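Please look through the structure below.

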Amino acid sequence: MRTAVRDRVRTRSLRTRTVASVLLVLTALLLVLGVAVDTALGSRLRGEIEQRLQDRVETAQALSGSVSDDVLVRRLSGQGVSAYLRSADGEVHTSGPSPEEITAQTDPGADAAGPPPTRGRGTPGPPDPTATSGRIVEMGSVLTLDAELTDGSIVRVAADSSQVEATLAQLRTVLVTASAAALLLAAAVLTVVVRRSLSPLDDMTRVARSITSGDRGRRLRPDRPRTDIGRTASAFDEMLDEVEGAEQSALQAEQRLRDFLSDAAHELRTPVTGMQAAAESLLRNQTSRADREMLAVQVVREARHAARLVDDMLLMSRVDQGLDLVREPLDLVAAARSAASRPLPLGGTVVDVTGDEAWVSADADRVAQVLGNLLANASRVAEHVRVDVRTDGPQVVLEVTDDGPGVPPADRERIFERMVRLDEGRDRHAGGVGLGLPVARGIAEAHGGRLTCEDSPVGARFRLTLPATSGGRRAPAGAFGVKSLA
């Protein structure tokens, strides 16, 4: 057993999803910006310290031998830089903001007082000019640079980089605080902006609910149909138009069905009542032989009338469902002459057919039904009927014109409705129940054509149009069976 598959729409809050998505993107951007600023500023500050040490070494190289060692170390120190100088004869000179701390970490002459300190993190041994000259060494938070001067002295300059980390820590705190405040402000602004941006959805909801309550004529009618919300609103309006049209069509079809059933029941009641009365009279057997024969004839007559009505209703049902057509090349002039040669319901009517060969691809029997119906209707009200056939571009036009009283303009479309008869007082046995023209129009439309009642100076004029085709095998003379409906 197959289960119905239904499309399910995610109904999570669009506002919440939009605000959360934007905030997530902003958070990612702020994070990337913070990391980039932290990395760039840290590299810049560290580079400035290293450049400062390089400048001090270059200064020492330039002043070596021209000033005393004490003056030299004083000039090299300052601005957070400590200087250490060991002359060629082993004399040590230091200068800087914290000489004890720097010396404890970087004293290259400690081997003069005892064994050199063990190399380790933050406690380097004596400088090795061949290994460290010109290369900055990092020991904990201290950066050192060793160099050998031209007079054989060894100079070491050192700077504490802990201030860089302190500065970066302050920067991170500022960035985090500012980013949090910016995100909170952005969340508040986005909530208002998104609510106003999505307000058309609230309008659509109100319109939909009002339509559900019975106001079928309301529409959104977007002022900018090319935007995303405009396209949605336009699609919503188009859907409502289709739904309303389908609803109206369904209501009209239901009303037509009710009218049809009511009229059919009314039409069937007359022959059934006649058959019942005649049958009851026959059962009493209190009449003469002539009366019984008349009653039997009445029963047969009413039964035929009821059977014809049922046949017409079944044919109308098949027309509604779609006729199965057996198409073949058909000369419409020959079909019209064949229909005119058959006896009409009321004799005495003259039918003239004019026109040259006009070929269509059609079901011969169904076309004969249409022609027989038109001629039968005309013969009941006219003495002369003219059938004109001509080819008009891609169509073949057949017109049936009579000299009868004609059809009023207000009724020219109404006569194609079911169970409609302009002369309600005419004999039901000689006439019909008003299904002939609806069936004829249904047959014409099934062939891709039309059947209309046109204006005429005298009498009535019915026009049948069918798509034209090239000539073909002519249908046999007896192929046009005619069954008229009224």
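A crossing is left-handed if the near helix is turned anticlockwise from the far one by less than a right angle, and right-handed if clockwise. Helix α10 passes α11 in a left-handed crossing. The model is predicted, with local features needing pLDDT of at least 70 and side-chain atom pairs pLDDT 80 or more, while totals for chains, interfaces and linings use all residues. Residues are numbered from 1 along each chain as its sequence is written, and side-chain values use heavy atoms, without hydrogens and water.

Helices α10 (residues 364-379) and α11 (residues 436-446) pack at an angle of about 145°, their axes 9 Å apart. Axes are lines fitted to C-alpha atoms, for helices over the stretch in contact, and angles run from 0 to 180 degrees between N-to-C directions. Helices (H or I, at least four residues) and strands (E, at least two) are DSSP runs, numbered from the N terminus. Residues in contact (heavy atoms within 4.5 Å) include Val370 and Leu374 of α10 and Leu437 and Ile443 of α11.

Helix α2 (residues 69-76) has Asp69, Leu72, Val73 and Leu76 as its buried residues, buried meaning under 20% relative accessible area, exposed over 50%, and partly exposed in between (1.4 Å probe, protein chains only). Arg74 and Arg75 are exposed on the face of α2 turned away from its buried side. The buried residues of α2 pack against α1 (14-63), β1 (81-86), β2 (92-95) and β5 (154-160).

Strand β2 contains Ser95. Ser95 counts as buried, at 15% relative accessibility. Beyond its neighbours within four places in sequence, Ser95 contacts several residues, including Val73, Arg74 and Ser77.
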